[in-house]
Amino acid sequence: MTATADKPAAEVVDTVTLTIDGTEVTVPKGTLIIRAAEQVGIEIPRFCDHPALKPAGACRQCLVDVASPAGPEGKLRAFPKPQASCTMTVTEGMVVNTQHTSEEADRAQKGVMELLLINHPLDCPVCDKGGECPLQNQAMSHGRPESRFVDVKRVFEKPLALSSEILLDRERCVLCQRCTRFSKEIAGDAFIDLQNRGAQQQIGTFDEDVLDFDGYRPVGAATVDEAGKAFSSYYSGNTVQICPVGALTSAAYRFRSRPFDLVSSPSIAEHDSSGSAIRIDHRRGKILRRLAENDPVVNEDWISDKDRFAFAWQNLSDRLTRPLVRKDGELVETSWPEALAAAAAGIKAATAADDEGASRGAAVLTGGRVTLEDAYAYQKLARVVLGTNDVDFRARTASDEEQAFLGSQVAGTGLGVTFGELEKAPAVLLVGFEPEDEGGVVFLRLRKSLGRQRVAAVAPFLSRGAEKLGATLVPAAPGREAAVLAELPEDVRDALSQPGAVVVLGERAAEAPGAFVAAQELASSTGARLAWIPRRAGERGAVEAGALPGLLPGGRTATLKGARDVVAKAWGVDALPSAKGRDTAGILKAAAEGAIGALVVGGVSASDLAGDVSAALEATGFVVSLEVRRSEIAEAADVVLPVAPPSEKPGTFVNWEGRLRGFATAIRTDAMPDHRVLDLLAREWGVELGTGTVEAVNAELAALGAADAAHRPAAPKARAARNPRPKKGTAVLATWHQLVDEGALQDGEPYLAGTGRVAVARMSAATAAALGDAVSVEVSTEAGAVELPLVVTDGMVDGVVWVPVKSPGSWVARDLRATAGAVVSVKGAA
Amino acid sequence: MSGSDEVWKVNRERDAQRETFESNLPKKGPIGEALAPVAGFGVSLRNFFRPTVTEQYPKVKVPTMPRYHGRHQLNRHPDGLEKCIGCELCAWACPADAIYVEADSNTPDHQVSPGERYGRVYQINYLRCIFCGLCIEACPTRALTMTNEYELAGPTREGLIYEKQDLLAPMGENMLAAPHPMVPGTTDGSYYRQEVDGPVEEQVAWVREHRPDDPTLPENRGKEPVEDDAPREERYTSPQHAAGAMGSARLGYMGGGKL
């Protein structure tokens, strides 16, 4: 069902022909009766059955009468009792009679329904599922009109908070085990399970009181994860969506609305580069919840909790609705024409030649979160209006090597490695990529192949996500990845030589000098394919759009005159700037030195950047900020132009596969997307940017197409890897973003934040021993320090300390001004 | 002669043959025939001597029939907790889309109704309401009923959207204003079965601790400000009062560590 989309069309499958309710149907061998019935449009009621989960036969609601040929003559012999159609596979000549044609099956189903309702409370009016509840619907269509039950119903304490986000109401549970099966089979976070027996059987956390150890209590404390939380999963929201009753609800949506209040709009999640299909449910212009949509080729049925719950950020009280212009040192609200005029006049003045004829240039920063169309407009503004190649979308560590790799291997190459190919790959090597924290649903796809796929991770230690994939660790201190890739263990190299193997490069591959070169060499020597999986939703789109200092749209290199001429002709301008552009770090450095006259910033969080942002903003003559909310950069800007968040604009995210994930406006407001604002801004110079609408931008992008081979940048060249030798009292910093952390797009959602993992500092036993009896570690640089509890991690590379990038109490870029691979001081604290 | 003229002529001939109209009413006698032109005045004349039906509204207000469908009312349990649980079934049932509800979670610091859920926002738009009473039938907790109040007119559209504080029933004699905890040892089921018949000491103590100035506390009942001479019910249901009480309670709730 979900896997068929990737299958080649001409695959010969054995088929079986059977009869359901008198209709003959031919289905592939091994199909379940309930699926075969779906194919002929016969609906069998069910609760526990889910196409993406293994059959359980837990709820018994799908009972049907079955007869199959038996004996030497093949005479039809009926099963003595009705059978669960969700667990029984079809056989040749089988005759199935559902509740539509068999009184016995109908009676059995009604009986099961009555039993399920015995202990189900009649609290539909206060239940979040009311109105979209399979149990409610099927009780209406198949249940008795009056209850015969007169005794007292089973009661439990309600609700039980499995985490700050997921609430469990055990009274409502029909024990279908969809949630526990999802947790075990799909996410690999088996924190909840069935416990107890008989009438007291219930779903729960591993609670000793419920499990009733009765003196058989373990001596030590029961195992908990480092967060100290019971149900710590990045995918827990999916259990709420697949729960067929209201037993699992989310704190964020609890009692917020009813299904008939909601307007549902399909959209694409803006939190990671997977481009998961979601459904936005909103009421009176306010988003109330987001659900996973089924997209068989991308996210199947699932999304991460970040995609599901992190949407409050765009409607916080600091949302910008009107343009702001700095007057007498204060940002004051103005009209659009005044703000646009002020922005253009300010940029012109700041970049104009001074008395000595020297002029300072302008630069553009876009944060990697904007859509393809927006990124295109930003870089076109930079090159056509501001006359500079100083444009970069990477609000993270970036390198020229990465840019050369993106230009030669990624930009304009269309659909590369797909989710389906990643799932079917016999071996996957992860470089600078943490599947769970940085991948979202990529992790679920990899985990689907658990046991069939060899996963190896080049990392300082095996993270919990990698562990759940059964990955082997190829130990590498940060910055040493290139050397490690060159000398991979023989078994990993052999595994990668199998056809279909994939080497995944994450955004952190840019932090390791030479990693892209080494990965390319590895790919060419083993035949493995390369996949670049960035973290942010807009990164691949920005690469396609050319929002990089050295890349024009379609992967054309900005330093080649031929490539520039093609683009200049398409844009109808004489020439494009030829000076070499600077990347984000270079722009910030130049700005701090006073070499940048004007800065146009869109969607960048200052705290993501390791450079000195406040000094850069201070020294820059004029700053224009395009923002959804009053961010730090907006506060320091001279003109702030409000732009629309993804739910209020149409656009396209290009996911890591290279798949275009277009979405339409979910909620109509008067907020304008970035590309339209930039189009209006360019008119102040008398330039028609032509980015007023999504259609116009896409037409331009289509006309430009991908670069000729001659116009692409050369493949990256090897560069000697730094080889940091930590001295006593120092360690090499390893760091990455946890999926649920304090990112700007997760603001305003305390329930989600509560499911995040606590920030800890990780070290190997030997490295930790050097600190003495430390309980916590203070990691410091010249810029500042963070102190986190110490967790000794088995198998971790010595001389390395890991801290999360932006988790509570650990803002590495802001507090340490350091990136992975830097040598930091470590000090133990009792 | 054209065809249409022919048709016209035939029709006119048919008209001429038609029988004249004869009334089934009894024929009047000769006197009646003679007075027929002024018979209409007889109706007026007759009513001079009948009792008058003119109602002296608004000077005199006549009671409606007991089941008249007037303005809605959100009822309270005997201890003052609201009956509305914010389930939105009334809004679902409403054929005119006149009801808007937003629910929220009850918390130990802010228990507005028995159980887990209460209606935080409750609006009825009386420009849309058709007074059909389907909402009353849908209400699972008998929170929503209709009063006989029919004076629903106003100079603004906004004014005819009644908020929760406009719709809530006046506080009864012994009631204690919500929010306050449920009667200890009871469930929402006990409230539904009418097993709670008034506030208990624990609830009074809770309100005394959290809102010592609450006018529904027994010790505050006599001590109303003298200048305020509006009837008791109106004071309790006036928007300012309700908003003030809600506002301070919400602040306490926010500070209670929920967020």
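1. In this predicted model, the centres of domain 1 of chain A and domain 3 of chain A, taken over C-alpha atoms, are separated by 58 Å. The division of chain A comprises domain 1 (4-118), domain 2 (124-315), domain 3 (324-396 + 540-711), domain 4 (405-534) and domain 5 (730-829).

2. As to overall form, chain A has 27 helices and 38 strands. Its radius of gyration is 29 Å, close to the 28 Å that the globule rule gives for 830 residues, so chain A is as compact as a globular protein of that length. Along the principal axes, the C-alpha atoms of chain A fill a box of roughly 100 × 60 × 55 Å. Of the 830 residues in chain A, 57% are buried. Among contacts in chain A with a separation of 6 or more, 71% are between residues 24 or more positions apart.

3. Chain B contains ten helices and five strands. Buried residues account for 22% of its 259 residues. For contacts in chain B with a separation of 6 or more, the share from residues 24 or more positions apart is 73%.

4. The contact between the chains draws on seven residues from chain A and 14 residues from chain B. On the side of chain A that touches chain B, five residues are nonpolar, two are charged and none is polar.

5. The largest nonpolar core holds 259 residues, and the members that touch the most others are Leu381(A), Leu429(A), Val431(A), Val503(A), Val504(A) and Val801(A). Helix H9 (residues 372-385) of chain A supplies the largest share of this core, nine residues. Apart from this core lies another, of 33 residues, which includes Leu89(B), Leu144(B), Leu168(B) and Ala178(B).

6. Two leucines illustrate the packing in chain A. Leaving aside residues up to four places away in sequence, Leu429(A) touches Ala456(A), Val458(A), Val492(A), Leu496(A), Val503(A) and Val504(A). Leu678(A), in helix H23 (residues 674-683) of chain A, is buried because 28 other C-beta atoms lie within 10 Å. With the same exclusion of residues up to four places away, Leu678(A) touches Ala377(A), Tyr378(A), Leu381(A), Leu689(A) and Thr691(A). The C-alpha atoms of Leu678(A) and Leu381(A) are 7.1 Å apart, although 297 residues separate the two along the chain.

7. Helix H13 (residues 441-448) of chain A is mostly covered, with seven of its eight residues buried. Besides Val441(A), Val442(A), Phe443(A), Leu444(A) and Leu446(A), the buried residues of H13(A) include Arg445(A) and Arg447(A).

8. Leu115(A) belongs to helix H2 (residues 103-118) of chain A. This residue counts as partly exposed because it has 15 C-beta neighbours inside 10 Å. From Leu115(A) to Gln738(A) the distance is 44 Å, C-alpha to C-alpha, across 623 residues of sequence.

9. Two annotated spans of chain A come from UniProt. The record, an unreviewed entry, places "domain: 4Fe-4S His(Cys)3-ligated-type" at residues 104-143 of chain A. That span is 60% helix and 0% strand, and its end C-alpha atoms lie 15 Å apart. For residues 262-318 of chain A, UniProt lists "domain: 4Fe-4S Mo/W bis-MGD-type", again from an unreviewed entry. Here the chain is 9% helix and 35% strand, with 25 Å between the end C-alpha atoms.

10. Several backbone features call for a check. Most residues other than glycine have a negative phi, and most peptide bonds are trans. The bond from Lys158(A) to Pro159(A) is cis, with omega near -15°, and Pro159(A) lies in the loop between helix H3 (134-142) and strand S7 (160-161) of chain A. In chain B, a cis peptide bond joins Tyr57(B) and Pro58(B), with omega about 5°; Pro58(B) is in the loop between helix H3 (39-48) and strand S1 (72-74) of chain B.

11. Positive phi values occur at two residues other than glycine: Glu300(A), at about 50°, and Asp328(A), near 55°. Glu300(A) sits in the loop between strand S14 (286-292) and helix H7 (305-309) of chain A and is buried, with 25 other C-beta atoms within 10 Å. Asp328(A) occupies the loop between strand S15 (324-327) and strand S16 (330-333) of chain A, and is exposed, with 5 other C-beta atoms within 10 Å.

Technical notes: Residues are numbered from 1 along each chain as its sequence is written. Chains are lettered from A and ligands numbered from 1 in the order in which they are written. This is a predicted model: local features need pLDDT of at least 70, side-chain atom pairs count only at pLDDT 80 or more; totals for chains, interfaces and linings use all residues. Ala, Val, Leu, Ile, Met, Phe, Trp, Tyr, Cys and Pro count as nonpolar, Asp, Glu, Lys and Arg as charged, and the others, Gly among them, as polar. Helices (H or I, at least four residues) and strands (E, at least two) are DSSP runs, numbered from the N terminus. The radius of gyration is taken over C-alpha atoms; the globule rule is 2.2 Å times the number of residues to the power 0.38. A residue is buried if 20 or more other C-beta atoms lie within 10 Å of its own, exposed if 12 or fewer, and partly exposed in between; C-beta atoms are placed from the backbone. Domain bounds come from an automatic or database domain assignment. A nonpolar core is a set of buried Ala, Val, Leu, Ile, Met, Phe, Trp, Tyr and Cys residues joined through C-beta atoms within 7 Å. UniProt positions are given in the numbering used here, feature names are shortened, and annotations may be inferred rather than shown by experiment.
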